[in-house]
Amino acid sequence: MSGVLDKMKSRRSVRAYRPDMVPQEILDQIVEAGLYAASGKGCQDTIIIQVTNKELRDKIAEMNCKIGGWKEGFDPFYGAPAMLIVLAKKDGPNRVYDGSLVMGNLMLAAHELGVGSCWIHRAREEFETEWGKELLRSLGMEGEYEGIGHCALGYADGEAPKAAERKANRVFYVK
């Protein structure tokens, strides 16, 4: 089987990270993989925000925790020191699909490069707040964007989980 298919089969979400930062050169490769995701009509309407600043990372984690309804102090990013936030133009008809393809590319590239990842939700709710909109403005972004997801990144603290057996009766053939 090809290396790509092997990586697809072996990638799993990591939910415990060591505190060591992923080097920028590796983050750049992961981001590049996201930028090469397919997009409806080739519009490329998604953006990626890299967050490695601990103060901002912790603020986003705090907001995500509140939105998710967890107790104060819970880290919905499982200690990951870096995150890539995927957003898409709000008026894009394929925004969720295109952003999801970006997220998939990010996670597969991370796995290929020995970096653990996990898709963390609630980006949509975060960037609907005035705080989220102000963050985008502070980055010089104009227009309306919808948060698609956060890709938590870091080195796994422990073994990655093994894949569960695939459920039966999920493919139907019409010949």
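Glu62 and Lys59 both belong to helix 3 (residues 54-68), where three residues, about one turn of the helix, separate them; helices here are DSSP runs of H or I with at least four residues, numbered from the N terminus. The model is predicted, so local features require pLDDT of at least 70 and side-chain atom pairs count only at pLDDT 80 or more, while totals for chains, interfaces and linings use all residues. Residues are numbered from 1 along each chain as its sequence is written, and side-chain values use heavy atoms, with hydrogens and water left out.

The side chains of Glu62 and Lys59 form a salt bridge at 4.0 Å, N to O, the term denoting a side-chain nitrogen of Lys or Arg within 4 Å of a carboxyl oxygen of Asp or Glu. Glu62 also forms a salt bridge with Lys66, with the closest N and O atoms 3.5 Å apart. Because Glu62 and Lys66 are four residues apart in helix 3, about one helical turn separates them. Glu62 is partly exposed at a relative accessible area of 40%, and Lys59 is partly exposed at 30%, whereas Lys66 is exposed at 61%; buried means under 20% relative accessible area, exposed over 50%, and partly exposed in between, with a 1.4 Å probe and protein chains only.

Elsewhere, Glu130 and Arg137 meet in a salt bridge at 2.4 Å, N to O. Salt bridges that share partners also join Lys54, Arg57, Asp58 and Asp75 into one network. The structure holds 13 salt bridges.

Asp98, in helix 4 (residues 95-112), is buried yet has no salt bridge. The nearest side chain of opposite charge, that of Arg95, is 9.5 Å away; Lys and Arg count as positive and Asp and Glu as negative, with His and the chain ends not counted. The side chain of Asp98 instead reaches the backbone nitrogen of Gly40 at 2.9 Å. Leaving aside neighbours within four places in sequence, Asp98 is in contact (heavy atoms within 4.5 Å) with Ala38, Ser39, Gly40 and Thr46.

Met103 also lies in helix 4 and counts as buried because its relative accessibility is 0%. Not counting residues up to four places away in sequence, Met103 touches Val86, Trp119, Gly149, His150 and Cys151. From Met103 to Gly40, the C-alpha to C-alpha separation is 15 Å in space, and the two are 63 residues apart in sequence.

Leu5, finally, lies in helix 1 (residues 3-10) and counts as partly exposed at 41% relative accessibility.

Conventions. Helix = DSSP H or I, 4+ residues; strand = E, 2+ residues; numbered from the N terminus. Polar contact = N/O pair within 3.5 Å; in protein donor to acceptor, adjacent residues only side chain to side chain.
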